[in-house]
Amino acid sequence: MYQYTVVQWLFFFYFYCFAGWCIESSYVSIRTKKLTNRGFMRGPFLPLYGSGGIMMLVVSMPFQDSIIKTYLAGCVGATILEYITGVAMEALFKIRYWDYSNQKFNFQGHICLKTTLSWGGLTILMTEIVHVPVENLVLSIPDRTLAIVTWILTVVIAADFALSFKAAIDLRNILIKMEQAKLELIRIQKSLDVIFSSVNVGWENYKEEWENRKEEWESRKEGVLAKKDAITEGLSVRIEDLKSGIEGKLTSIKNAIQTKPTEYLESVREELAELKTKYAVNLENRKQLSGLKDFFQRDMLRSNPGMTSVRFKEALEELKNNVSNKKQK
């Protein structure tokens, strides 16, 4: 049984956070062929590895006399930790910092059988080999010295975590605002569709069709199902196709106006001018948002090249591409 003080447990946690960062950053750097500061935090610490290391020690304590039980305990404990962490981070930040969706026997992309089996092996490696010299090292450090070092690390890591947490929240808000701008562009396109269809049925029918369509939209806004439909539709249309469609509709309507200037109602002029203004404003807002002027947000994207988002997939890819292009320049 492990019998450590609070300070020793904390130091073990920080030690394995650092060790995990070394392993993960080296692996990603070799795979991508460029130096990568891997992880959620800016400093050389990966809390998931620290939590995993402590969890392996704790779950294996009752089974130290059995390698098989230690293996199974590691599989179960680490998988539960990984799943809870993955679900919590996606719910909070709207981003997956790891995704096993392309792996066989995965569950919701947060965990998979291959990784679960690996956790068991790592638990045996941890308890039987890795932790033994680490334990000897830590226990050999004078209590006062260990306490000072540990509390200094606590302050540094807490400050780093606070900055990283804020950057992640800000990044989440940017993704939400980019998607909102895109959904507004979709509403603009629908409005232009009404005007464009009026060209074919005759301007005299425009007012009636426009009023009917507005009533339909207002009733849909009040329903939760309509909101979900709008989000789904927004995700299914690529921004470039959306821009092309809107600009094409504007050109077609402009040509129709020039052909039949006397039939072009003043109400249509006002509505079209308002839609053109909304289009330009929302397009510029989305462009400004995707620029990512904040260093911590850009660094977070660079540090996690494999991050994905189910809901904000296109917006996230746009941010990652912009960050990559800025670095190249």
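With the side chain of which residue does the side chain of Arg42 make a polar contact of 2.8 Å? The partner is Asp299, whose side chain meets that of Arg42 in this predicted model. A further polar contact, of 3.1 Å, links the side chain of Arg42 to that of Ser303. Arg42 itself belongs to the loop that runs between helix 1 and helix 2. Its relative accessible area is 14%, so Arg42 is classed as buried, the limit being under 20%. When neighbours within four places in sequence are set aside, the residues in contact with Arg42 are Asn37, Asp160, Ser164, Phe296, Asp299, Met300 and Ser303.

The salt bridges come next. Side chains of opposite charge can pair when their charged atoms come close. Across the whole structure, 12 salt bridges are found. One of them joins Glu318 and Arg286, with an N to O distance of 2.4 Å. Glu318 is part of helix 11 (residues 313-328) and Arg286 is part of helix 9 (residues 266-290), so this pair ties together parts that lie 32 residues apart in sequence. Arg286 is buried, at 3% relative accessibility, whereas Glu318 is partly exposed, with a relative accessible area of 22%.

Arg96 is buried, with a relative accessible area of 11%, and Asp99 is partly exposed at 27%.

The remaining topic is the empty space. Rolling a probe the size of a water molecule over the atoms shows where such space is left. The largest pocket holds about 1600 Å³. Its lining comprises 47 residues, and those nearest the centre are Glu24, Leu48, Tyr49, Tyr100 and Trp119. At least two lining residues come from each of helix 1 (6-32), helix 2 (47-60), helix 3 (67-93), helix 4 (113-140) and helix 5 (143-201). Helix 1 provides the largest share, with nine residues. Sorted by class, the lining of this pocket contains 29 nonpolar, 12 polar and six charged residues.

Key
Residues numbered from 1 in each chain as written. Predicted model: local features only at pLDDT ≥ 70, side-chain atom pairs only at ≥ 80, totals over all residues. Heavy atoms only, no water. 1 Å grid on protein atoms, 1.4 Å probe; cavity = no way out; pocket = protein on both sides within 12 Å on 5 of 7 lines; lining within 4 Å. Points joined across faces, edges and corners; volume = space filled by probe spheres on them. Helix = DSSP H or I, 4+ residues; strand = E, 2+ residues; numbered from the N terminus. Nonpolar A, V, L, I, M, F, W, Y, C, P; charged D, E, K, R; others polar. Buried < 20%, exposed > 50% of the residue type's maximum accessible area, 1.4 Å probe, protein only. Polar contact = N/O pair within 3.5 Å; in protein donor to acceptor, adjacent residues only side chain to side chain. Contact = heavy atoms within 4.5 Å. Salt bridge = Lys/Arg side-chain N within 4 Å of Asp/Glu carboxyl O.
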